[in-house]
Amino acid sequence: ESTRKQLINILEKQKEHISGQELSDQLNISRTAIWKHMNELKKDGYQIEAVQRKGYKIISYPDKISENTLQWGLETSWIGKELHHYDQVESTQAIAHRMAKQGKPHGTVIVADEQVKGKGRMSRPWHSPKGKGIWMSLLLRPELAPIQAPQLTLLAATVLAELISHYSELDPKIKWPNDILVNHKKISGILTEMQAEQDQIQYVVLGIGINVNQEEDEIPEEIRHKASSLKIESNKTWEVQTVIQHILRLFEQTYDQYLDSGFEHVKSIWEHYGYRIGEEVKISTMKRSWKAFLVGIEPDGALLARDDSGNEEKLYSAEIHWGEGGYH
Ligand code: BTX
């Protein structure tokens, strides 16, 4: 761990001021070195109070996100070790693909404050206003077969649902395959893109978009009936940087566990949060229209449904009438 990171850790835990001498003892560096670190921290937006004979105390944290601030306090072992932050990009997906081709490592993270061409699935647009959300792509190089790729998307959705559930009173749901809904409205979407050969994934770019601090009038009018933000739903402002760090940590942990022990665990968490799982919905495909009981998900990412006569069917892209609320 870097001295800088240790220094921040100590300061964070401290309720009162801590003296330069004590810091230099704990970190085993000179007081001049402490002083230099303090100046660096101030430059990066930390407000630090220095009181004579008492010492230092953090008054406020930087609100401007940077590669440094994202990496300090990031408790991961492989994800985000290489991390790139941009003020404005077209899409973090495009950057991640470029970096993948340049050979950047598994676990590389791309974060932007704003996307001007954020994209959803099937070339739909993804609204990504400046500083209001998390617009992030993860570059992964899993040793998995291409047919397992959908599991990574489902895994990412469980990570987001778990976090929202842990850090708020909200009741997040995962709408198959991978939208996160709160109160029937979409607050997050996941876009997984893959480069693969016959039987081996070369790389996956996993894009995560989360509406964090938008107010109602900052959601485009045409989607306001079906989209929302963490702030709108929870009535509090979320610290984007901290949320990113939590996501990366929990993603790493869940991913490692998944590689170790398989999909079962992810599947059960997914089904726990699954929107309308265990309920009846209407489904219409080209062939027929029917009432389906949603059973759960399958290892290949399909949604498993059962009809009135007990026949089970795997759905991949059926038109599902989710009913109720704004979301259709
Ligand atoms: P999706 O195709 O499920 O959702 C796109 C649809 O959602 C749009 O057609 C629109 O109706 C609605 N929508 C657009 N913007 C928002 C928003 N901010 N909140 C809620 N609903 C919205 C979901 O695709 C996948 C989104 C992935 C976004 C990430 S951000 C980082 C990475 N970079 C990038 O360009 N995309 C991914």
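A polar contact is defined here as a pair of N or O atoms within 3.5 Å; within protein, one atom must be able to donate a hydrogen and the other to accept it, and residues adjacent in sequence count only if both atoms are side-chain atoms. The model is predicted, so that local features need pLDDT of at least 70 and side-chain atom pairs count only at pLDDT 80 or more, while totals for chains, interfaces and linings use all residues. Residues are numbered from 1 along each chain as its sequence is written, and side-chain values use heavy atoms, with hydrogens and water left out.

An oxygen atom of the ligand lies 2.7 Å from a polar backbone atom of K119. For R121, a polar side-chain atom is found 2.7 Å from an oxygen atom of the ligand, and a polar side-chain atom of T92 is placed 3.1 Å from a ligand nitrogen atom. The protein buries 94% of the 780 Å² that the ligand exposes when taken alone (Shrake-Rupley method, 1.4 Å probe; for residues, only the protein chains shown count as cover).

The ligand is surrounded by 27 residues (a heavy atom within 4 Å), the closest being S91, K119, R121, R124 and N211.

The chain is assigned domain 1 (3-60), domain 2 (67-273) and domain 3 (280-321), with bounds from an automatic or database domain assignment. The C-alpha centres of domain 1 and domain 2 are 33 Å apart. Six residues of domain 1 contact six residues of domain 2 (heavy atoms within 4.5 Å).
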